[in-house]
Amino acid sequence: MLPFIGSRFPIFAPDNNIQKKQIMTHGHEVLHMMEGHSYASKQELVDAIIAKFGAEERFCTCSAEDLDAAELVDFLADRDKFMSTPDGGFTVNLGRMCNH
């Protein structure tokens with residue numbers, strides 16, 4: 001098992017036959033960030049992710065890695081990790097969030 005700190009995981013990528021370490025934030029961090037908040041659009045959520053983690057941050061999940069913020073939002077939406085809110089927006093669907 002690879003070592004990790006919190007929800008940031010090391011990802012090793014080949015670069016001219018040298019192993020380069022890239023740290024990625026786990027998608028669970030974004031789902032936790034969404035708790036108690038509603039987003040009007042996917043772009044609003046992407047903007048919130050970038051504001052919190054930075055435009056260059058890469059994300060990993062239990063089954064994917066090296067995602068940017070927009071790719072992560074699409075990935076999570078495809079897996080029904082969001083639910084509608086009364087104001088017409090969406091938030092995290094806590095019932096669809098794995099807890100490991």
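This section describes the fold, the helix packing and selected residues of a predicted model.

Residues are numbered from 1 along each chain as its sequence is written, and side-chain values use heavy atoms, with hydrogens and water left out. Because the model is predicted, local features need pLDDT of at least 70 and side-chain atom pairs count only at pLDDT 80 or more, whereas totals for chains, interfaces and linings use all residues.

The protein chain contains three helices and five strands. Helices (H or I, at least four residues) and strands (E, at least two) are DSSP runs, numbered from the N terminus. Read from the N terminus, the order of elements is β-β-α-α-β-α-β-β. Of the 100 residues, 34% count as buried. Buried means under 20% relative accessible area, exposed over 50%, and partly exposed in between (1.4 Å probe, protein chains only). Contact means heavy atoms within 4.5 Å. Among contacts between residues at least 6 apart in sequence, 44% join residues at least 24 apart.

Helix α1 spans residues 27-34 and is mostly covered, with six of its eight residues buried. The buried residues in α1 are Gly27, His28, Val30, Leu31, Met33 and Met34. Gly36 follows α1 and has a positive phi, near 80°.

Helix α1 packs against α2 through Glu29, Val30, Met33 and Met34, which meet Leu45, Ala48, Ile49, Lys52 and Phe53 in α2. By class, this contact has seven nonpolar, no polar and two charged residues. Ala, Val, Leu, Ile, Met, Phe, Trp, Tyr, Cys and Pro count as nonpolar, Asp, Glu, Lys and Arg as charged, and the others, Gly among them, as polar. The axes of α1 and α2 come within 11 Å and cross at roughly 110°. The two helices are therefore roughly perpendicular. Axes are lines fitted to C-alpha atoms, for helices over the stretch in contact, and angles run from 0 to 180 degrees between N-to-C directions. Angles under 35 degrees count as roughly parallel, over 145 as roughly antiparallel, 65 to 115 as roughly perpendicular and the rest as oblique.

Helix α2 (residues 42-53) also meets α3. Their axes come within 9 Å and cross at roughly 130°. This angle makes α2 oblique to α3. The crossing of α2 and α3 is right-handed. A crossing is left-handed if the near helix is turned anticlockwise from the far one by less than a right angle, and right-handed if clockwise. From α2, the residues involved are Lys42, Leu45, Val46, Ile49 and Ile50; from α3, they are Ala69, Ala70, Val73, Asp74 and Ala77. Eight nonpolar, no polar and two charged residues form the contact of α2 with α3.

Ala48 lies in helix α2. At 23% relative accessibility, Ala48 is partly exposed. Beyond its neighbours within four places in sequence, Ala48 is in contact with Met33 and Tyr39. Ala48 and Ala69 are 21 residues apart in sequence, and their C-alpha atoms are 9.4 Å apart in space.

Met97 sits in the segment after β5. Met97 counts as buried because its relative accessibility is 9%. Leaving aside neighbours within four places in sequence, Met97 is in contact with Leu31, His32, Glu35, Lys81 and Val92. Met97 and His32 are 65 residues apart along the chain, with a C-alpha separation of 9.4 Å.

Thr85 occupies the loop between β4 (82-84) and β5 (90-92). Thr85 is buried, at 15% relative accessibility. Its side chain makes polar contacts with the side chains of Ser38, at 2.9 Å, and Asp87, at 2.4 Å. A polar contact is a pair of N or O atoms within 3.5 Å; within protein, one must be able to donate a hydrogen and the other to accept it, and residues adjacent in sequence count only if both atoms are side-chain atoms. Leaving aside neighbours within four places in sequence, Thr85 is in contact with Ser38, Phe90 and Thr91.

Asp66 is in the loop between β3 (59-60) and α3 (69-78). Asp66 has a positive phi, near 60°, and is a residue other than glycine. Its relative accessible area of 36% makes Asp66 partly exposed. Asp80 is placed in the loop between α3 and β4. Asp80 has a positive phi of about 55°, although it is not a glycine. With a relative accessible area of 48%, Asp80 is partly exposed.
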